[in-house]
Amino acid sequence: MQKTTAAPSYSRAKTFDLILTAMAIALVFVATLLLNIKLPITANGGLVHLGTAMLFIISMLFGPKKGAIAGAVGMGLFDLISGWTLWAPISIIARGLQGYLVGRIAWSAGRAGNNKAFNILAAIVSIPVMIAIYYVGEAIIFTSFIVPAASIPGNIVQNVVGLLVAIPAVIALKKVPFFK
């Protein structure tokens, strides 16, 4: 029987990638679940949480694929178990696309999330997209284009806080050999 040396290495790499992806999902989920403040300003409430910061961090450190998966699954799971079930499909689309956009821009032209200006640009570009998806989703839920407008300020605050937390965290983590 002939043994190949490529299979164990390939299998090990795939397993490691799966573990990193699962950890990224868990980090987004936990940051959303445990570090949040419910806003009393809108008809449907609203939430400011650090899951957005974690989504930005993961997208900048690992790129668009992990950013999209972590954002979509992590925040989608949060919605499913936290009484925001109706928002789960919206979160899956909005946060998946947001994670992808941040990772795609931060990792463009071989930058691999190492350029602070592009990381900031990536997050800023993703914010209107995320807000627009939630706006349209809420307009469908509430059958109104007026009611969802009340969620926009909270979404902006959530993203700005996420950006302010993520950039220093990414700068610090990029000094760790694993993320270089």
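This briefing describes the fold, the side-chain contacts and some individual residues of one protein chain. The model is predicted, and every value below is computed from it. The chain holds six helices and two strands, which follow one another along the sequence in the pattern α-β-β-α-α-α-α-α. Its radius of gyration is 18 Å, which agrees with the value near 16 Å that a compact globule of 180 residues would have.

**Overall dimensions and burial**

- Along its principal axes, the C-alpha trace of the protein chain spans about 65 × 40 × 25 Å.
- Of the 180 residues in the chain, 46% are buried.

**Aromatic contacts**

- A search of the whole structure finds six aromatic pairs, and in one of them the ring centres of phenylalanine 178 and phenylalanine 179 lie 5.0 Å apart with their planes at 85°, so that this pair is edge-to-face, the angle being over the 60 degrees that such a pair requires.
- The two partners fall into separate classes of accessibility: phenylalanine 178 is partly exposed, with a relative accessible area of 47%, whereas phenylalanine 179, with a relative accessible area of 17%, is buried because that value is under 20%.
- Phe178 and Phe179 belong, together with Phe16 and Phe62, to one aromatic cluster.

**The salt bridge**

- The count of salt bridges comes to one, and it is formed by aspartate 17 and lysine 66, whose closest N and O atoms are 2.3 Å apart.
- This pair links distant parts of the chain, with aspartate 17 in helix α1 and lysine 66 in helix α3, 49 residues apart.
- Aspartate 17 counts as partly exposed at 30% relative accessibility, while lysine 66 is buried, with a relative accessible area of 11%.

**The nonpolar surface patch**

- Val30, Leu33, Leu34, Leu35, Ile69, Val73, Leu77, Leu80 and Ile81 make a nonpolar surface patch of about 750 Å², and the elements that give two or more residues to it are α1 (6–34) and α3 (64–81).
- Helix α3 gives the most to the patch, with five residues.
- Valine 30, one of the patch residues, is found in helix α1 and is partly exposed, with a relative accessible area of 38%.
- Valine 73, also one of the patch residues, has its place in helix α3 and is likewise partly exposed, with a relative accessible area of 35%.
- From valine 73 to glycine 137 the C-alpha to C-alpha distance is 17 Å, and the two residues are 64 residues apart in sequence.

- Lysine 65 lies in helix α3 and is exposed, with a relative accessible area of 61%.
- Lysine 65 and arginine 104 are separated by 39 residues in sequence, and their C-alpha atoms are 8.5 Å apart in space.
- Lysine 180 is placed in the segment after α6 (152–173) and is exposed, with a relative accessible area of 67%.
- Between lysine 180 and asparagine 114 the C-alpha to C-alpha distance is 8.2 Å, although these residues are 66 residues apart in sequence.

**Positive phi angles in loops**

- Alanine 109 has a positive phi of about 50° although it is not a glycine, and it lies in the loop between α4 (88–106) and α5 (116–142).
- With a relative accessible area of 73%, alanine 109 is exposed, because that value is over 50%.
- Threonine 143, found in the loop between α5 and α6, has a phi near 45°, which is a positive value in a residue other than glycine.
- Threonine 143 counts as exposed at 71% relative accessibility.

Key
Residues are numbered from 1 along each chain as its sequence is written. This is a predicted model: local features need pLDDT of at least 70, side-chain atom pairs count only at pLDDT 80 or more; totals for chains, interfaces and linings use all residues. Side-chain values use heavy atoms; hydrogens and water are left out. Rings of Phe, Tyr and Trp (its six-membered ring) pair if their centres lie within 6.5 Å; planes under 30 degrees apart count as stacked, over 60 as edge-to-face and the rest as tilted. Buried means under 20% relative accessible area, exposed over 50%, partly exposed in between (1.4 Å probe, protein chains only). Patches are made of residues with over 30% relative accessible area and no salt bridge: like charges are joined within 9 Å, nonpolar side chains (Val, Leu, Ile, Met, Phe, Trp, Tyr) within 5 Å. Accessible areas come from the Shrake-Rupley method with a 1.4 Å probe; for residues, only the protein chains shown count as cover. A salt bridge is a side-chain nitrogen of Lys or Arg within 4 Å of a carboxyl oxygen of Asp or Glu. Helices (H or I, at least four residues) and strands (E, at least two) are DSSP runs, numbered from the N terminus. The radius of gyration is taken over C-alpha atoms; the globule rule is 2.2 Å times the number of residues to the power 0.38.
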